[in-house]
Amino acid sequence: MAEVTWVGNAKPPQVLEGAKVFSGTGTMKNNGAINIVPSIYSQRIEEGYHNGLGGVAGVSVPAAKVLNDTTIAGVTGTMPNRTRAGDSLTYTTALSAKGDGMGSLVMEPQTGYYASGLNSGGYGTLLAVDANFVPSSFLSTKTVFGVKGSVPVITSGSDPAVGVGLWPDGGLAVYPSEGYRKGGSGAGEIKVTVEQMRTVMSILKLSRQTVSIPPNGNVNIDVSSVGNFFKCLALKDGYGYAYFEKFEGMNRGLTVDSMLGISHVDGATTILLRNYSAVTLNLVLVIHGTA
């Protein structure tokens, strides 16, 4: 290119290439329309002429996916920061928590951002609450999610009862000490001492009496002193001749033969003995029940 003599102060780099000024030709690069796609890196703008049709592409910033203390491309985020790491015993409560029955606890977090880490108590961020998740819900031999159980485990056959009593029907009630027992021989027996048995026997009401029932006659036996649940055994010549029991609102009478009938009307205070034979029946009655 020939030497150009310029008039004025414009230099060739300041004149668009291809354009002539007087007898000179400019050398400024014509970039036309340049479009820039934003990225995480800085991008240099080309030196030269731009025709104004290029530009930087707009950026779509979902506010819900940006932390609430962060602004990107002029958009301030709305995502809450739920991290409690480093705080003093504060937590973010899970929306739900459910065990899978196979050793895992699955929690549903609230929407937000969570960073790893522990608070001043050594715990993480997410909290689920269940009033039954306490030591008294687990055996002392088990630890569940760092919580050691406190329920005693009885592994010895020496397991004395703390007390005894009677059920309303006369059955024996045994009060064991607190704890888990696997049941069966070796670690399932609860020992009732002789002294405890004596206290129970003192509660029982026992009566023994001799009755004679005339031929084709009947006798009413008073059972008001033995409570609502009782048993009556009728002996003839030293052998069981009839048996009657009342329990749990039921009456049941059994006899050896049809010569003797034994019955009781619910709510009544007597047992009716009826002799269907032509001879006198001499019986010994043993009755026991509860006061």
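The model on your screen is predicted.

**Stop 1: phenylalanine 133**

Select phenylalanine 133. Its relative accessible area is 38%, so this residue is partly exposed. You will find phenylalanine 133 in the loop between strand S10 (126-127) and strand S11 (143-144).

Together with Phe133 they make a nonpolar surface patch of about 380 Å². Show the surface to see the patch.

**Stop 2: the aromatic pairs**

How many aromatic pairs does a search of the whole structure find? There are two.

Go to tyrosine 91 and tyrosine 123. They form an edge-to-face pair, with 6.4 Å from centre to centre and 65° between the planes. Tyrosine 91 sits in the loop between strand S6 (75-76) and strand S7 (92-93), and tyrosine 123 in the loop between strand S9 (105-108) and S10, so the pair ties together parts that are 32 residues apart in sequence. Is tyrosine 91 buried or partly exposed? Tyrosine 91 is partly exposed, because its relative accessible area is 28%.

Colour the two residues separately. Phenylalanine 138 counts as buried, because its relative accessibility is 16%. Phenylalanine 133 counts as partly exposed at 38%.

**Stop 3: a charge over a ring**

Select lysine 236 and tyrosine 241. The charged end of lysine 236 sits over the tyrosine 241 ring, 5.7 Å from the ring centre.

**Stop 4: the largest nonpolar core**

Select Ile213, Ile221, Leu260, Ile271, Leu273, Leu283 and Leu285. These residues have the most contacts inside the largest nonpolar core, which has 20 residues. Then display the strands around them. At least two core residues come from each of S17 (204-213), S18 (218-222), S19 (230-236), S20 (239-247), S22 (260-263), S23 (270-275) and S24 (281-290). Which strand gives the largest share of this core? S24 does, with four residues.

**Stop 5: isoleucine 36**

Finish at isoleucine 36, in strand S3 (residues 35-36). Isoleucine 36 counts as buried, because its relative accessibility is 19% and the cut-off for buried is under 20%. Now draw a C-alpha to C-alpha distance from isoleucine 36 to glycine 55. The two are 6.1 Å apart in space and 19 residues apart in sequence.

Key. Residues numbered from 1 in each chain as written. Predicted model: local features only at pLDDT ≥ 70, side-chain atom pairs only at ≥ 80, totals over all residues. Heavy atoms only, no water. Patch = residues over 30% accessible without salt bridge, like charges linked within 9 Å, V, L, I, M, F, W, Y side chains within 5 Å. Areas by Shrake-Rupley, 256 points an atom, 1.4 Å probe, with all protein chains shown as cover. Salt bridge = Lys/Arg side-chain N within 4 Å of Asp/Glu carboxyl O. Buried < 20%, exposed > 50% of the residue type's maximum accessible area, 1.4 Å probe, protein only. Phe/Tyr/Trp six-rings, centres within 6.5 Å; stacked < 30°, edge-to-face > 60°. Lys NZ or Arg CZ within 6 Å of the ring centre and 35° of its normal. Core = buried A, V, L, I, M, F, W, Y, C linked by side-chain atoms within 4.5 Å.
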